[in-house]
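Could you walk me through this structure in a friendly way? I would like to know how its parts meet and what surrounds the ligand.

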Amino acid sequence: MAYDKFTVLRSTAVPLPIENIDTDQIIPARFLKATERVGFGDNLFRDWRYNADNTPKQDFILNNATYSGKILIGGKNFGSGSSREHAAWAIYDYGFRCVVSSFFADIFKNNCLNIGVLPVQVSPEFAEALFTAVHGNPAAEIEINLPEQTITLLSTGAQEKFDISPYKKENMMNGFDDIDYLQSIKPEIQEFASHLPI
Amino acid sequence: MSKTLFDKVWDRHVVRKIEGGPDVVFIDRHLIHEVTSPVAFLGLKTRGIKVLYPERTFATADHNTPTINQHLPVADPLSANQLKALESNSNEYGISHWGLGHQKNGIVHVVGPENGITQPGTTIVCGDSHTSTHGAFGAIAFGIGTSEVEMVLSTQCIMQPKPKKMRITVNGKLGLGVTPKDVALFIISQLTTSGATGYFVEYAGDVFENMSMEGRMTVCNLSIEMGARGGMIAPDETTINYVKGREFSPKGEAWEKAEAYYRTLYTDADAVFDKEYTYDGSTIEPMITYGTNPGMGIGISQHIPDAEHVEGGVATYEKSLGYMGFSEGDQMIGKKVDYVFVGSCTNGRIEDFRAFASIVKGRHKADNVTAWLVPGSHVVEAQIREEGILDILTEAGFTLRQPGCSACLAMNDDKVPAGKYAVSTSNRNFEGRQGPGARTLLASPLVAAAAAVTGVVTDPRTLIEELV
Ligand code: SF4
């Protein structure tokens, strides 16, 4: 599915300094019943965000108007658990374009890259600095520069480089996905398959 | 050059290496289910492309199916809709489909091996993280997202960088009442839920060599719970005997060729891993988890550790214990249990029901416990009947449900109520995994059985010894 190109993102951020945020928290299984990719943002962090009677939980950060933005900063080991791409869809659909953490679970990270959410892995120290800065000043802006592969806390100028494979980087900057690529090499795949048993 | 088992299988499936990018990897077998496939099919339709090799994809309905009255129409309209979508998509693209009620229906990771779809040395993917289960056969098997499901449907390939390699060796004799589940929970408790992220694991050592295929599947299944992409075990006689003669296994001359290939699948003596861990199997106890991730496990006789002895942030640890209603220093034995769930792709196979029955035999279900016993497939269900296990269960006050994922992810009606404690043989104890507010204690079928008949967390060894 096509997504918006990603180059430079400058935004405030929402801090969620909890470790091991798993995909069942990001989107609980009972909200995976759709057959189309619509409306998953409504159920992002459903059980942290809403009480059983669907009233908002006041103490959860997404219900606190002070914090907003296109960047979500999560604790270590973000996105562990299930392979549900719905977790990445919910994050995208809610309006986030970038998740920052000191460590990501594999499948989640991959899913993000496939749908246009940029996972930015920073050092634990830098993650701490971001949490402190945003908690201290919710209006603090962060710049994610994909071409330069840098993340910058604009108020202090603190900056770190982040990793991304050149291939994925180009995809993100152009809004391409892997299926476009694979389609383009189909004859090579078919030739390869002809030598393998079923 | 010396290669690991993983290298041998991976390298054989690389169609193309992209400079500064991932490998294009050919996928031999693709399993799909109703929850993570509909949007992928929608993608195919939008792009106007076909399924390239429908004979390499297999569909089964499991995540979202009821586990009672499967002959009736599915009551939840959204679930019914997903099941219908799986069926119509499979029909439209010529994919074999084992829907609700089909005799081959069951949990995707149970039916794959049962029917010989899972074979050594193959690449297997599914839109479900516990696809790692199939690694028990020496296959490279891992979970993928829906975008990748679409890639496999349309080109039979995915694009991933080659992961790093880890070997986990466990030698020694396992103690009484210690099952493959305990070995896996023990390893995860040592490595934490992210300790193997970025790695593909090979399990080695006599503990795994001595395991049945069912046991190996339990271990490989849980690889993802320490963050690993997958886990695998080199095929041996046990593997070959299991695979031979199953419906989709190679036959005749093709089998001879396949078997010769299977026998090349082992790690060369001087091959190098990026990381190695070694444990002594004789020190492992029956395990149980006390927190909200599978790494928070301890030997059943132990006490919940203090925050200072645990890796990670104190706030996260306290949040987790708060959710569970437990305190640092608590003893697990004696804690009240409200629900017992035996099932899932982790422990929903025949051996698991045999183990459960071995303890409940001659005893009775505790009154305070609601027990959900859910076979992983119809084949398992039939075995339970044939082996007389059903009679043992019935006599002890238990009933058997119909196959499906059930309370493993609580997408259907099998939800543990808020605040209640469930001893579960499944794989995840995340907040709300088994229902909003539900509290999960992961354990083996033996520990589940001990809880089911006593109504509290109980060391199964005490019940086994009584029998001796
Ligand atoms: S039983 Fe649980 S883990 Fe296994 S396939 Fe079903 S939902 Fe996934």
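Here is a short tour, from the domains to the ligand and then to the neighbouring chain.

## Two domains in chain B

Keep in mind that this is a predicted model. Start with chain B, which is divided into domain 1, covering 5-275, and domain 2, covering 289-467. Their C-alpha centres lie 24 Å apart, and the contact between them takes 43 residues from domain 1 and 42 residues from domain 2.

Together these two domains of chain B bury about 3300 Å² between them, and carbon and sulfur atoms account for 58% of that area.

## Around the ligand

Where does the ligand sit? The ligand is found in the largest cavity. Residues from both domain 1 and domain 2 of chain B contribute to the shell around the ligand, so the ligand lies between them.

You can pick out the shell residues one by one. Among them are four histidine and aspartate positions, His63(B), His109(B), Asp128(B) and His130(B). The shell also includes Cys345(B), Cys405(B) and Cys408(B), along with Asn427(B) and Arg433(B). Sorted by class, the shell has 5 nonpolar, 5 polar and 2 charged residues.

## Where chain B meets chain A

Now look at the neighbouring chain. Here 68 residues of chain B are in contact with 55 residues of chain A. The area buried between the two chains is about 5200 Å², with 58% of it coming from carbon and sulfur atoms. Arg16(B), Arg47(B) and Met159(B) supply 10% of the area that chain B buries against chain A, more than any other three residues.

How many salt bridges does the rule find across the interface of chain B and chain A? There are 6.

Key. Residues are numbered from 1 along each chain as its sequence is written. Chains are lettered from A and ligands numbered from 1 in the order in which they are written. This is a predicted model: local features need pLDDT of at least 70, side-chain atom pairs count only at pLDDT 80 or more; totals for chains, interfaces and linings use all residues. Side-chain values use heavy atoms; hydrogens and water are left out. A residue is near a molecule or strand if one of its heavy atoms lies within 4 Å of it. On a 1 Å grid over the protein atoms alone, a cavity is a set of points where a 1.4 Å probe fits but cannot get out, and a pocket is an open set with protein on both sides within 12 Å along at least five of seven lines; lining residues have an atom within 4 Å of a point. A molecule sits in a cavity or pocket if more than half of its atoms lie within 2 Å of its grid points. Ala, Val, Leu, Ile, Met, Phe, Trp, Tyr, Cys and Pro count as nonpolar, Asp, Glu, Lys and Arg as charged, and the others, Gly among them, as polar. Domain bounds come from an automatic or database domain assignment. Contact means heavy atoms within 4.5 Å. Buried area is the accessible area (1.4 Å probe) that two parts lose on being put together, summed over both. A salt bridge is a side-chain nitrogen of Lys or Arg within 4 Å of a carboxyl oxygen of Asp or Glu.
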